[in-house]
Amino acid sequence: MNLPIFLKRLLTAGLLLTALVACASPAPDSDQPLPDTGERRALVLGDISDDPAEVIEGTQPLADYLAAKLADQGITHGEVRVVANAEEMTRLMQAGEVDLYFDSVYPATLIADATGGQIILRRWRFGVEEYFSVIFAKESSQIDSLADIQGQVIAFDAPYSTSGYFLPAIHLLDNGFTLVGRQSPLAADEIGLTFSYD
């Protein structure tokens, strides 16, 4: 992809998952333990997905590990909260019901801006340090180049996905293509878009 420099930097640094700390949970100013107020509570990790069971299975071990390490701070256990969209995650973070939220750069930045949260770290996704977007078509479609997509419909992953929507859509727009939010009727120079959530 021939992307502008800011998108190349975003792709290099940002397609790793980031963690967003809820604005209701300020970081201590030093390495000293927080005073024990006697309050005991869960450490809640948040995520956005249409498959909560898969996310909980993959994230609960991290929640348990962090909770155990923070036991002297009044944390009794770890929980995972999974919601369907960024609006719901924003609400939970604003209400102080989620302590850490993990996602890719695009949704994490949107939610940080909306909540006053801070992006504090990055992690590998499924053990992979970096990854990138791929546009593919069935061999029988006779689509061999981006120009061949015009007049067709492209299915992106999800509207909150950095690599599955944001970056490939920007790439198409930067190359002069017109994306429209419908599948028909399409002009010969338009590309219809939909979301597969898969």
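I began with Phe-195, which counts as partly exposed at 24% relative accessibility (buried is under 20% relative accessible area, exposed over 50%, partly exposed in between, with a 1.4 Å probe and protein chains only). I then looked up its ring partner Tyr-197: the ring centres of Phe-195 and Tyr-197 lie 6.2 Å apart with planes at 55°, so the pair is tilted. For ring pairs I used centres within 6.5 Å for Phe, Tyr and Trp (its six-membered ring), with planes under 30 degrees apart as stacked, over 60 as edge-to-face and the rest as tilted. Tyr-197 is partly exposed, at 39% relative accessibility.

I note that the model is predicted: local features need pLDDT of at least 70, side-chain atom pairs count only at pLDDT 80 or more, and totals for chains, interfaces and linings use all residues. Residues are numbered from 1 along each chain as its sequence is written, and side-chain values use heavy atoms, without hydrogens and water.

Tyr-165 belongs to helix α5 (residues 162–174) and Phe-195 to strand β8 (residues 190–195), so the pair ties together parts 30 residues apart in sequence. I recorded one aromatic cluster formed by Phe-156, Tyr-165, Phe-195 and Tyr-197.

For the whole protein I listed 5 helices and 8 strands, taken as DSSP runs numbered from the N terminus (helices H or I, at least four residues; strands E, at least two). Of its 198 residues, 36% count as buried.
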